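Please open the structure in your viewer and keep the selection panel at hand. The stops below are given in the order in which they may be selected.

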Amino acid sequence: MIQFDGVGKHYPTGVAALQDVTLRIESGEFVFLVGPTGSGKSTFLKLVQRIERPTSGRVMVDGVNVGALPPADVPYLRRRLGVVFQEFKLLVDRSVADNVAFAMRVTGVDPIEIAPRVHWALEVVGLAGRAADLPAGLSGGEQQRVGVARAIVNLPRLLLADEPTGNLDPEAAWEIMHLLSAINLRGTTVVVTTHNPTLVDILRRRVVALNGGRIIRDEHRGLYAAAR
Amino acid sequence: MSIEVSTPPRVEADLSRSRAEAPPRWARERVARAILHDALDGLRRNGLMAAAAISTIVVALAVAGGGILASANLMHLASILEGQVEIVAFLRDGLSPADHERVLAAVRALSSVRSATVVNKTAALRRLQRSFGTPSSMSDLLPSNPLPDSIEVRVVDARQVRAVAGMVGRISGVEEVVFGTPVVDRLVALTRAVRAGGTALAALLAAASLLIIVNTIRMTVAARRQEIEIMSLVGATPGFIRGPFMLEGALQGAAAAALTTVLLVAGYASLAARVSTSLPFLPLLAPAAVLPAAVAIVWILATAVGIGGSMIGLRRYLRA
């Protein structure tokens, strides 16, 4: 699903965010990307979404060479991805259902199709009963569940979550991780960046650790920190 | 905690479609409808921001429109002043009426001449009597009419008065040509300054309005950057993102232009009416003569800059 071949990303400021990263994530995998702030986790996700281009190497996503993709084709790549953000990024003046529907409407989906799929996505995240509420009326965990519903409503083959539990209490963080695991069980590839050792250590999924822009560890049923 | 992800409802849209495949007509119509819907929805949701933007644009447009009206009137004033410039060609004594006609035809044949009329000595004396306020007594005091026959010439462009006077002076039958040399020179300098000042005023106010409008629209776009960012990240095409914002910019511009039209028309009509009664010597252009052009410029400026401002505002958020 994702293949990085010798990927480097150097910003004009001179910062080397990623250096010679080679990694393969298969379809249907659940991967934690861990590492300290500035280790290159966010840059990794930006390269997958083509928010940034690699300065060296090749990034393949779902069979597409993302770095070489013409700008006009980028939206069609992004329609195959779902993204969950640490800060939720919900539109505060729209209802829960409208926030989820937003991802469908702006990609030109037939309006007839929107309502049933939004209902399905909200059922998956357990918020079908809160469809008409505004985000301000929801807890942090609930807001992030709306973010997850918005990310899955277009049925992505790949779900990227950038610190999805960073702003949540432990209980809400668990709910989000269970949700992402359940989505992964249906075959969606899930890549999660996190600073939360507890979640990583309990779930025991593949862990890719980055430091200074390089992969320092890649374990299939890994822990947050390297085993001593 | 147990979470089960059910099978999603079947959806007809193919999300993996690539740009290379041209969208069918129904899809294009759907996008057009969505853009219109989103533009109206955007204005409704951001009503306060839109109202603030429209108010600011109205002020900017009213200033620009006022500048255009002031400029047009200054140009008009310059034309009127220049129209007063006159050359008087005194004719040799003893010419027959046929000679008068010949000289008149020769004067009128000059390309820079706007009008020329013969004033015979009797008419000249009557005019003199009127200007001194002495009815018929003056002719009684003089043994004969001392005034010569003349031709009064008006030129197309006051700057050409010297050249025209020279050409008229060379026509056979013309004794002497007079025009107020220093006055004409000063007048030409004055009208040139008035014209340049009027143009500069209109250009300056239009440019200032342009900047204000572009910045106002940019601010309305910036206030919604999260919405734009989400649209971009979930795979909305740049055209789909731009469409509603450009339409909103155009609608805001049009709404502001409509309000400005009301202000300009009512304001200028009222000013023209007051001036015509209180200051009748001030040659203000009639509303019908100047308002259509000023209003047209205001509409073009408002809608074009509304769209342009949206595009400029969006540019920084739509870099792929």
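Begin by selecting helix 1 of chain A, residues 41-49, in this predicted model. Helix 1 of chain A lies across strand 3 (30-34), strand 6, strand 7 (158-162), strand 8 (189-194) and strand 9 of chain A. Relative to strand 7 of chain A, helix 1 of chain A runs at about 145°.

Now display the strands themselves. In what order do the six strands of the open sheet in chain A follow one another? The order is 6-7-8-3-9-10, and the pairing is mixed. At the edges are strand 6 (81-85) and strand 10 (214-219) of chain A, each of which pairs on one side only. From one strand to the next, the twist averages 15°.

Stay at strand 10 of chain A and select strand 9 of chain A, residues 206-211, as well. These two strands run antiparallel and are joined by five bridges. To view one bridge pair, select A:Leu210 together with its partner in strand 10 of chain A, A:Ile215.

Most residues other than glycine have a negative phi. A:Phe88, however, has a positive phi, near 70°. Is this residue, A:Phe88, buried or exposed? A:Phe88 counts as buried because 22 C-beta neighbours lie inside 10 Å. A:Lys89 is placed in the loop between strand 6 and helix 3 of chain A, and its phi is also positive, near 55°. With 17 C-beta neighbours inside 10 Å, A:Lys89 counts as partly exposed.

Select helix 3 of chain A next, residues 96-105. This helix is mostly covered, with nine of its 10 residues buried. Among the buried residues are A:Val96, A:Asn99, A:Phe102 and A:Arg105. A:Asp98, which also belongs to helix 3 of chain A, is partly exposed, because 18 other C-beta atoms lie within 10 Å. For a sense of distance, draw a line from the C-alpha of A:Asp98 to that of A:Ile202: the two are 34 Å apart in space and 104 residues apart in sequence.

From helix 3 of chain A, select A:Val100, which is buried. Leaving aside neighbours within four places in sequence, A:Val100 is in contact with A:Val118, A:Ala121, A:Leu122, A:Val146, A:Ala149, A:Arg150 and A:Val153. A:Val100 is also one of the residues with the most contacts inside the largest nonpolar core, which has 115 residues; A:Ala121, A:Leu122, A:Ala149 and B:Leu61 are the others. Another core lies apart from it and has 19 residues, among them B:Ile151, B:Val161, B:Val164 and B:Val188.

Finally, colour chain B by domain: domain 1 covers 34-80 + 192-315, and domain 2 covers 86-178. The C-alpha centres of these two domains of chain B lie 52 Å apart. To end the tour, select the contact between the chains, which takes 31 residues from chain B and 36 residues from chain A. On the chain B side, helix 1 (25-45) and helix 8 (225-234) are the elements that give two or more residues. Helix 8 of chain B gives the most, with six residues. By type, the residues on this side of chain B comprise 18 nonpolar, six polar and seven charged.

How values were computed:
Residues numbered from 1 in each chain as written. Chains lettered and ligands numbered in written order. Predicted model: local features only at pLDDT ≥ 70, side-chain atom pairs only at ≥ 80, totals over all residues. Contact = placed C-beta atoms within 7 Å. Helix = DSSP H or I, 4+ residues; strand = E, 2+ residues; numbered from the N terminus. Nonpolar A, V, L, I, M, F, W, Y, C, P; charged D, E, K, R; others polar. Domains from an automatic or database assignment. Buried ≥ 20, exposed ≤ 12 C-beta atoms within 10 Å, placed from the backbone. Pairing = 2+ DSSP bridges. Axes fitted to C-alpha atoms, helices over the stretch in contact; angles between N-to-C directions. Core = buried A, V, L, I, M, F, W, Y, C linked by C-beta atoms within 7 Å.
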